[in-house]
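Please open the model in your viewer and keep the selection tool at hand. The stops below are meant to be taken in order, one selection at a time.

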Amino acid sequence: MNKRLLSAAMALVLALPLARPAPAMDGIAVRPASGANETAAPAITEKDDALSRVMWVVLVVWLGLGAYLFKIDRRIARLERKIDER
Amino acid sequence: MAITRLVYIFMPAAVILAFCYAPTAALLGETSRLLYFHVPLAWVSVLAFAVSGIAAIVFLADKRGRFPGIEDSFHNSASLGTLTALLATASGSVWAKLMWGSYWNWDPRQTSIIILLLIYSAYFSLRSALAGKPARGRLSAAYLVIAMTVMPFFVFVVPRVFLSLHPDPVINPDMKIHLETEMRLALIVSLVAFSLLYFYLLELLNRLSRIRNAAEVSPHE
């Protein structure tokens, strides 16, 4: 793979967590009701925490799956080299 | 193809965009984040079934044997298509529980995907029943061509003909994606990531099939 392309893509992925989350379209899930700001604030933080926890779980699952696929890829390449040598 | 390795970049990007960047949709709340996994899975299943059907046509038309390994390609693609259709059904079922109150409602969309899964399950039965027979490749390829012809009716036509709770698919009659810009970006990145994953897995399976064939030809070397 082109090294420049790879480093550009890596930079993009590393920059993604810094991206500001977009506001909700209708506010149902994120925006607290008017006049209930004080009581709604902890609920929002809890929701954000849960969301980031789910995201990290999905990311870790993908990391494991990706590492497994990478390992299979390398093993297949080794077998192909052996077959070509014969 | 080296480009399929971009899945290692796109998949984490899709996850981060789905959870951190994309906003929640009206009425659906946080459950709308399922969109970035359910829709790409459904898209990949359609793509995989189309690729398997096209590869089957190439296999049937290829009299001179110019495309060795194409039989493995259509079989591997049909396997991946069935797997992703199952995952799309499972994710859709979870979404149905959250939105409609029940995992299974026999909605036209759910019924049509079950029929499609049964059609492709019959393909695997047919192929395994013909193991070791010379007509195996041609018969299974012919079946896949018929299955590919039927597939668009179950995916795109049936849910529109009958009254369905399922929202309009992303590929809708006016060919426009009705989403906010941030949601659209997250969905497009997710679609690319899942498509790359499909092509990467297909490539791995095809290479594995080639190795197995080579080992069967010369088992004692």
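Begin by selecting chain A of this predicted model, where buried residues make up 19% of the 86 residues. Its secondary structure consists of two helices and zero strands, and its accessible surface comes to about 6,800 Å², of which 63% belongs to carbon and sulfur atoms.

Next, turn to the largest nonpolar core, which has 44 residues, and select B:Val7, B:Met11, B:Phe19, B:Tyr36, B:Phe37 and B:Tyr198, the members that touch the most other members. Among the contributors, α6(B) gives the most, with 14 residues.

Stay with B:Val7 for a moment and show what lies around it: leaving aside neighbours within four places in sequence, B:Val7 is in contact with A:Trp62 of the other chain, and also with B:Pro12, B:Ala193, B:Leu196, B:Leu197 and B:Tyr200.

From there, select B:Thr4, which is found in the segment before α1 of chain B. Is B:Thr4 buried or exposed? Its relative accessible area is 1%, and B:Thr4 therefore counts as buried. Not counting residues up to four places away in sequence, B:Thr4 touches B:Leu196, B:Phe199, B:Tyr200 and B:Glu203.

The next stop is helix α4 of chain B, residues 108-129, whose 22 residues reach 31 Å from the first C-alpha to the last, close to the 32 Å expected at 1.5 Å a residue. Colour its buried residues, namely B:Pro108, B:Arg109, B:Gln110, B:Ser112, B:Leu116, B:Leu117, B:Ile119, B:Tyr120, B:Tyr123 and B:Arg127, and then display α2, α3 and α5 (136-161) of chain B, which are included in what covers them.

For the last stop, move to the surface and select B:Val94, B:Leu98, B:Met99 and B:Tyr103, which form a nonpolar patch with about 370 Å² of accessible area together. Within this group, B:Leu98 has its place in helix α3 of chain B. Why does B:Leu98 count as partly exposed? Its relative accessibility is 49%, and because exposed means over 50% and buried means under 20%, a value in between is called partly exposed.

Conventions
Residues numbered from 1 in each chain as written. Chains lettered and ligands numbered in written order. Predicted model: local features only at pLDDT ≥ 70, side-chain atom pairs only at ≥ 80, totals over all residues. Heavy atoms only, no water. Core = buried A, V, L, I, M, F, W, Y, C linked by side-chain atoms within 4.5 Å. Buried < 20%, exposed > 50% of the residue type's maximum accessible area, 1.4 Å probe, protein only. Helix = DSSP H or I, 4+ residues; strand = E, 2+ residues; numbered from the N terminus. Contact = heavy atoms within 4.5 Å. Areas by Shrake-Rupley, 256 points an atom, 1.4 Å probe, with all protein chains shown as cover. Expected span 1.5 Å × (residues − 1). Patch = residues over 30% accessible without salt bridge, like charges linked within 9 Å, V, L, I, M, F, W, Y side chains within 5 Å. Salt bridge = Lys/Arg side-chain N within 4 Å of Asp/Glu carboxyl O.
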